[in-house]
Amino acid sequence: MAEEYDVEFIERGDRSARFLVRGVTPAFANGIRRAMIADVPTLSVDSVRVIENSSVMFDEQIAHRLGMVPLTTPEGEFEEGDVVTLSIDVKGPSTAYSGDLVSGDSVVEPADDNIPIIDLKDDQRLELEAEAVLDSGKSHAKHQGGVAVGYRHLQYVDVVGDAAEFEEQEPNILRGVIEERAAEHAEGNAVNGDLVPTEEFDNDLTNRYPGKEVEVNDVSNAFVFDVETDGSLTVEELVSRAVGSLEDRATELREAVQL
Amino acid sequence: MMVPVRCFTCGNVVGEHWEEFKARAREGDEDPEAVLDDLGVERHCCRRMIVSHKDLVDIVSPYQ
């Protein structure tokens, strides 16, 4: 892709963000979304050696719970198939938390420390070693870095006329982000070109353009992405690794079909 | 038995919020809706994971 594209953040946090990308085709936008879900590898517990488990849960249930715990996955440190060993040793009466996992590698640790694994009563004990492997969301959902990743078109609102007089206006619900192009009709101090999340006017266009008849249109090739991560990586890392994996595959394809 | 670690539908980690939710809304007298909003459990798929949960470890432990 020779042409530039433009990224603008609307909301930005470590684990959730919303950003606008201009100048990409719908196919490419969907490619990024799919790469974020299925192609960005993260570490997850995959096999467990149980030394002692006298809790009320079966070994398999505990192994499953450990698998779901997100582990921080620094970029470039690991390759697919690499193994990191974590261990846990908790004696009852107390609760074993994800934070009790002791990692063999200081850069890999549970992203959240207070996920309860199992509640232990008197004389119960949990001791085990777990092996975390790097794999992608394609092979198991526990390796998915992105959670609820989606996008929708950036939209703009055209004021096409006045609403019928003496008639109560029906709510006109819209979700997503709009690009202001009719600032002279909008409530408050709106400026053309503003990016307005619909939550700002309670998702109801009649609050923003009272007494007006409006039409909603898509801005072509502009997409608003909603990205959340499970904590194993930040939103920025997730998106850049997803785009990187797309690029790698495109390069591979180009080399494969070259004469 | 124990709270699910993640939301079944979207995969968001919800287990970490259970103990605070239990203390504030089940044992305390706060409004569960307000507590979930406060904890940042936004989607209704994640909310049902917490609202519909019941701890069973204390109930099954005598029958080990």
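At what angle do the axes of helix H1 (residues 26–39) of chain A and helix H4 (residues 235–257) of chain A cross, and within what distance do they come? In this predicted model, the two axes come within 8 Å and cross at roughly 110°. Because angles of 65 to 115 degrees count as roughly perpendicular, H1(A) and H4(A) are described as roughly perpendicular to each other. On the side of H1(A), the contact is made by Phe28(A), Gly31(A), Ile32(A), Ala35(A), Met36(A) and Asp39(A), while H4(A) brings Leu238(A), Val239(A), Ala242(A), Val243(A), Ser245(A), Leu246(A) and Arg249(A). Sorted by class, the residues of this contact of H1(A) with H4(A) divide into nine nonpolar, two polar and two charged.

Two loops of chain A carry backbone features that can be located in the model. The peptide bond from Gly92(A) to Pro93(A) is cis, with omega near -5°, and Pro93(A) is found in the loop between strand S4 (83–91) and strand S5 (94–97) of chain A. Further along, Asp123(A) has a phi near 65°, which is a positive value in a residue other than glycine; Asp123(A) has its place in the loop between strand S7 (116–120) and strand S8 (125–135) of chain A.

Chain B can be taken next. Its secondary structure comes to four helices and zero strands, so that, by the DSSP runs counted as helices, the pattern read along the sequence is α-α-α-α. Along its principal axes, the C-alpha trace of chain B spans about 35 × 30 × 15 Å.

Within chain B, helix H1 (residues 18–26) and helix H2 (residues 32–39) have axes that come within 9 Å and cross at roughly 150°. Because an angle over 145 degrees counts as roughly antiparallel, H1(B) is roughly antiparallel to H2(B), and the crossing of these two helices is right-handed. Here Glu20(B), Phe21(B), Arg24(B), Ala25(B) and Arg26(B) of H1(B) meet Pro32(B), Val35(B), Leu36(B), Asp38(B) and Leu39(B) of H2(B), and the residues of the contact divide into six nonpolar, no polar and four charged.

H2(B) also meets helix H3 (residues 44–51) of chain B, where the axes come within 11 Å and cross at roughly 120°. That angle makes H2(B) oblique to H3(B), and H2(B) passes H3(B) in a right-handed crossing. Glu33(B), Leu36(B) and Asp37(B) in H2(B) are in contact with Arg47(B), Ile50(B) and Val51(B) in H3(B), a contact that has three nonpolar, no polar and three charged residues.

Strand S2 (16–22), strand S9 (146–162) and strand S12 (212–229) of chain A each supply at least two residues of the lining, and the largest share, five residues, comes from S9(A). By class, the lining of the largest pocket has eight nonpolar, eight polar and 12 charged residues.

Conventions. Residues are numbered from 1 along each chain as its sequence is written. Chains are lettered from A and ligands numbered from 1 in the order in which they are written. This is a predicted model: local features need pLDDT of at least 70, side-chain atom pairs count only at pLDDT 80 or more; totals for chains, interfaces and linings use all residues. Side-chain values use heavy atoms; hydrogens and water are left out. Axes are lines fitted to C-alpha atoms, for helices over the stretch in contact, and angles run from 0 to 180 degrees between N-to-C directions. Angles under 35 degrees count as roughly parallel, over 145 as roughly antiparallel, 65 to 115 as roughly perpendicular and the rest as oblique. A crossing is left-handed if the near helix is turned anticlockwise from the far one by less than a right angle, and right-handed if clockwise. Contact means heavy atoms within 4.5 Å. Ala, Val, Leu, Ile, Met, Phe, Trp, Tyr, Cys and Pro count as nonpolar, Asp, Glu, Lys and Arg as charged, and the others, Gly among them, as polar.
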